[in-house]
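Student: I would like to learn how to read salt bridges and a nonpolar core in a model. Where do we begin?

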Amino acid sequence: MKIIILDTNIVFSAILNPKSNIGEIIFNNNEQLEFFSTEYLRQEIDRHRDKILKLAKTSEEDVDEVIFQIYKKIDFISDIQIPMRIWAESASLVRDVDIDDLPFVAVTKYLDGVLWTGDLKLLRTLLSKGFLNCITTDELMEWIEKREIEK
């Protein structure tokens, strides 16, 4: 099983389009993937709730149900579980991009997982700093398809 850390833009995309490739991966991963995120994800989604409701092509109740179903797929990690050393290492990785990404990188390092992000600026910055534990949606889909073929 592969440990995948979901960042806000991935969850945001899945909320807006649960039938997209991102939604399909989250809802139908055939137990190949184990999803984690930071509690900060919930705060981010709450903070962008009005934007989500405006962009969603469905009712508020439907949006709430999708959020609920996505959250059921995620194991949330509390900030206090992560050692200060990891916070410091993670801060140096995201300082030049967006400090809001700090909790996602910290959880990734803490769990020795892979950060799934659609933020290409973040991805390029992390890779340029030698942090290779990140993946795009296309790369994750390729990994899943490869695993399906190997079965």
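**Reading charged pairs and the core**

Tutor: Asp-96 is exposed, since its relative accessible area is 54% and the cut-off for exposed is over 50%. Keep in mind that this is a predicted model.

Student: Which residue forms a salt bridge with Asp-96?

Tutor: Lys-129 does, with the closest N and O atoms 2.8 Å apart. Asp-96 sits in the loop between helix 6 and helix 7, and Lys-129 in the loop between helix 8 and strand 5, so the bridge ties together parts 33 residues apart in sequence. Lys-129 is partly exposed, at 32% relative accessibility.

Student: How many salt bridges are there by this rule?

Tutor: The count is 8. Check where each partner lies. Glu-89 pairs with Arg-85, their closest N and O atoms 3.3 Å apart. Both are in helix 6, 4 residues apart, so about one helical turn separates them. Glu-60 pairs with Arg-49 at 3.0 Å. That pair links helix 5 to helix 4.

Student: Which residues are linked in a network of salt bridges?

Tutor: Glu-44, Arg-47 and Asp-100.

Student: Now the core. How many residues does the largest nonpolar core have?

Tutor: It has 52 residues. Leu-6, Phe-35, Ile-74, Trp-116 and Leu-126 have the most contacts inside it. Helix 7 gives the most to this core, with 6 residues.

Student: What does Phe-35 touch, not counting residues up to four places away in sequence?

Tutor: Its contacts include Ile-4, Leu-6, Ile-74 and Trp-116. Asn-29, Lys-73 and Asp-75 are also among them.

Notes:
Residues numbered from 1 in each chain as written. Predicted model: local features only at pLDDT ≥ 70, side-chain atom pairs only at ≥ 80, totals over all residues. Heavy atoms only, no water. Core = buried A, V, L, I, M, F, W, Y, C linked by side-chain atoms within 4.5 Å. Buried < 20%, exposed > 50% of the residue type's maximum accessible area, 1.4 Å probe, protein only. Helix = DSSP H or I, 4+ residues; strand = E, 2+ residues; numbered from the N terminus. Contact = heavy atoms within 4.5 Å. Salt bridge = Lys/Arg side-chain N within 4 Å of Asp/Glu carboxyl O.
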